[in-house]
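Good morning, colleagues. Please look at the structure on the screen while I take you through a pocket, the nonpolar cores and some aromatic pairs.

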Amino acid sequence: MTQPLRPFDTSRRLLSRARKTIPLGSQTFSKSYLQFPPEIAPQFIEHAKGATVTDVDGHSYTDFVNGLLSVLLGYGDPDVDAAIAKQLGSGISFSMPHRLEMIVAEQLVDMIPCAQSVRFGKNGSDATAGAVRVARAYTGRDHVAVCGYHGWQDWYIGSTARHLGVPQATRELTHSFTYNNIFSLKRLFDDPDISLAAVVMEPMNVDYPAPGFLKAVRELCDRHGTVLIFDETITGFRFHEGGAQALFNVTPDLATFGKGLANGMPLSAVVGQRDLMAVMDDIFFSFTMGGETLSLAAADAVLTKLRNEDVLPHIHGLGDRLMAGLKAQHDAISSPNWLKICGHPSWSFAMLSDAPSADVWQLKTLYIQEMVARGYLTLGTQNLSFAHSDADIDGFLQAFCEVTGLMAGAIEASSVSEHLRCKPIEPVFRVRG
C-alpha cells in the first residue's frame with residue numbers, strides 16, 4: 001500500500017523563492033522539480049554525512065543518487081575533508097600553477113592505461129568537449145560519432161532532443177550509434193559524406209559490452225585513423241581504479257574523467273596518449289579555475305584512498321548483493337516487461353518502461369514517490385558509495401520489494417494514476433537503454 005507522504009513545507013517555500021531568480025529553481029536538470037516533484041519529494045538538501053542526506057524539513061534519507069554519482073566515498077569523507085582543510089590554509093587559486101596539479105596528474109598517469117598526459121577541467125562536459133577539440137585538431141576532420149551521455153555543450157547536446165539553441169550546422173556534425181551494435185557504427189564509417197574525427201562513447205552504461213564489441217570499435221577507429229575517446233566520467237574510479245578501459249582491457253586514445261574523481265568537488269580530467277595531448281599546446285582549453293587547489297587536494301586524497309584501501313571491493317560486494325536482490329524481486333513479480341534490472345554493481349539500474357495500463361513517466365513518478373516516502377532517495381539508478389553499509393542494502397531491498405509489488409498490483413488493476421499524489425514527472429531526455 002502507499003505510504004503517507006512526508007511534509008515538505010520548507011522545501012516548497014524555498015522552491016517558490018528560488019524560481020524567482022533561478023530557472024527551474026536548480027542549477028541541474030536532474031536535481032530539479034522535473035525529476036523530484038515538490039508534492040512527493042524534497043527540493044533542497046540541508047546537510048549530509050556518509051550515505052545519509054537530510055532535507056530542509058528535517059527528513060533523512062539513505063541516498064542512492066549520491067550527487068549524480070559524484071560522491072564515491074560518501075559525504076564528508078574524513079580523509080578528503082582533512083585534505084581540503086589542510087590546503088585551505090595555504091590558499092585556493094594562485095597566479096601560477098600549484099604542485100598539486102602535477103601530483104594528481106602523476107597519480108592519474110600511474111593508474112589509467114591510456115594516460116600519458118593530463119589536463120584538468122571542472123566538470124565532465126568540459127573534459128569531453130576538450131577531448132573532441134583535440135581529436136578534431138589532430139585529424140583535421142569535423143564529424144563525431146557518439147554513444148551515451150556526454151554533457152551539455154553544443155557539439156553533443158545538439159544530437160539529442162534538448163537541442164534548442166544549437167545551430168543546425170553544429171547538429172549535423174554529430175551522429176549517434178547504438179551500444180553493442182557494431183554495424184550501427186560501421187554504417188557511419190562507410191558513409192562517404194562523413195569523415196569521423198572521433199568516436200566518443202561510454203565504455204559501459206546500462207548493459208555490459210557484448211563479447212568483442214569494444215575491441216571491434218577500437219579496430220574500426222584504427223583502420224580509419226579516427227580517435228577513440230572513452231567518456232569515463234561515471235565509470236572511472238567506480239568500475240576499476242584504472243577505469244572501465246582497465247576492466248575490459250581495451251585502451252582508447254583519449255579518455256575523460258570526472259564525477260567521483262574528487263568526491264563531489266568540481267574537477268574533471270582529459271587524459272591520453274602524449275602525441276595527441278600535445279595538441280593541447282595549440283588548441284584553447286584553459287580555465288581560470290582549472291588548477292583550483294581544494295578540488296585537486298580532494299582528488300589526491302580520493303586516488304590515494306582508492307589505491308590503499310578496499311574501496312571498490314566494498315562497493316562491488318554491496319552492489320553484487322543489491323543486484324541479486326533486485327533480480328530476485330523482478331522474478332518474484334513474474335518478470336514484468338516494464339522493469340529491467342541491469343548495469344554494473346557500482347552503478348545499477350532499475351529501468352522502467354511503458355506498461356499496458358501506464359506509461360513510463362507515471363511509473364517512475366510512483367516509484368520515486370513511494371521510495372522517498374520510505375526514506376530512500378533514488379532516480380531509478382543505484383549509485384553506491386564507500387559509505388553504504390549492508391544495512392543500507394537490506395533496507396533498500398525491503399523498500400524496493402514493497403514498492404514494485406505495489407506497482408505490479410496497480411498496473412494489473414489499471415489504477416496507477418489513482419496512486420499518484422502529483423502529476424507525472426517530465427522527461428528531460430533519454431540516452432541510455
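Which element gives the largest share of the lining of the second largest pocket? Helix 4 does, with five residues. Please keep in mind that this is a predicted model. The pocket in question has a volume of about 370 Å³. Its lining consists of 22 residues, and Pro97, Glu101, Phe120, Gly290 and Gly291 lie nearest the centre. Two elements, helix 4 (99-111) and strand 4 (117-121), each give two or more residues to this lining.

I turn now to the interior. In soluble globular proteins, nonpolar side chains tend to be buried together. Here the largest nonpolar core has 94 residues, and Leu108, Val199, Met201, Phe237 and Val271 have the most contacts inside it. Methionine 201 touches, among others, Cys147, Phe177, Tyr179 and Phe213. A second, separate core has 23 residues, including Tyr156 and Phe285.

Finally, the aromatic pairs, of which the count is 13. The rings of tyrosine 179 and phenylalanine 213 have centres 5.1 Å apart and planes at 70°, so this pair is edge-to-face. Tyrosine 179 lies in the loop between strand 6 and helix 8, and phenylalanine 213 in helix 9, so the pair ties together parts 34 residues apart in sequence. Tyrosine 179 is buried, at 14% relative accessible area, and phenylalanine 213 is buried too, at 4%.

Phenylalanine 285 and phenylalanine 287 also form an edge-to-face pair, 4.9 Å centre to centre. Phenylalanine 285 is buried, whereas phenylalanine 287 is partly exposed.

Conventions:
Residues are numbered from 1 along each chain as its sequence is written. This is a predicted model: local features need pLDDT of at least 70, side-chain atom pairs count only at pLDDT 80 or more; totals for chains, interfaces and linings use all residues. Side-chain values use heavy atoms; hydrogens and water are left out. On a 1 Å grid over the protein atoms alone, a cavity is a set of points where a 1.4 Å probe fits but cannot get out, and a pocket is an open set with protein on both sides within 12 Å along at least five of seven lines; lining residues have an atom within 4 Å of a point. Grid points are joined across faces, edges and corners, and a volume is the space filled by probe spheres set on the points. Helices (H or I, at least four residues) and strands (E, at least two) are DSSP runs, numbered from the N terminus. A nonpolar core is a set of buried Ala, Val, Leu, Ile, Met, Phe, Trp, Tyr and Cys residues joined through side-chain atoms within 4.5 Å. Buried means under 20% relative accessible area, exposed over 50%, partly exposed in between (1.4 Å probe, protein chains only). Contact means heavy atoms within 4.5 Å. Rings of Phe, Tyr and Trp (its six-membered ring) pair if their centres lie within 6.5 Å; planes under 30 degrees apart count as stacked, over 60 as edge-to-face and the rest as tilted. Lists of a residue's contacts leave out its neighbours within four places in sequence.
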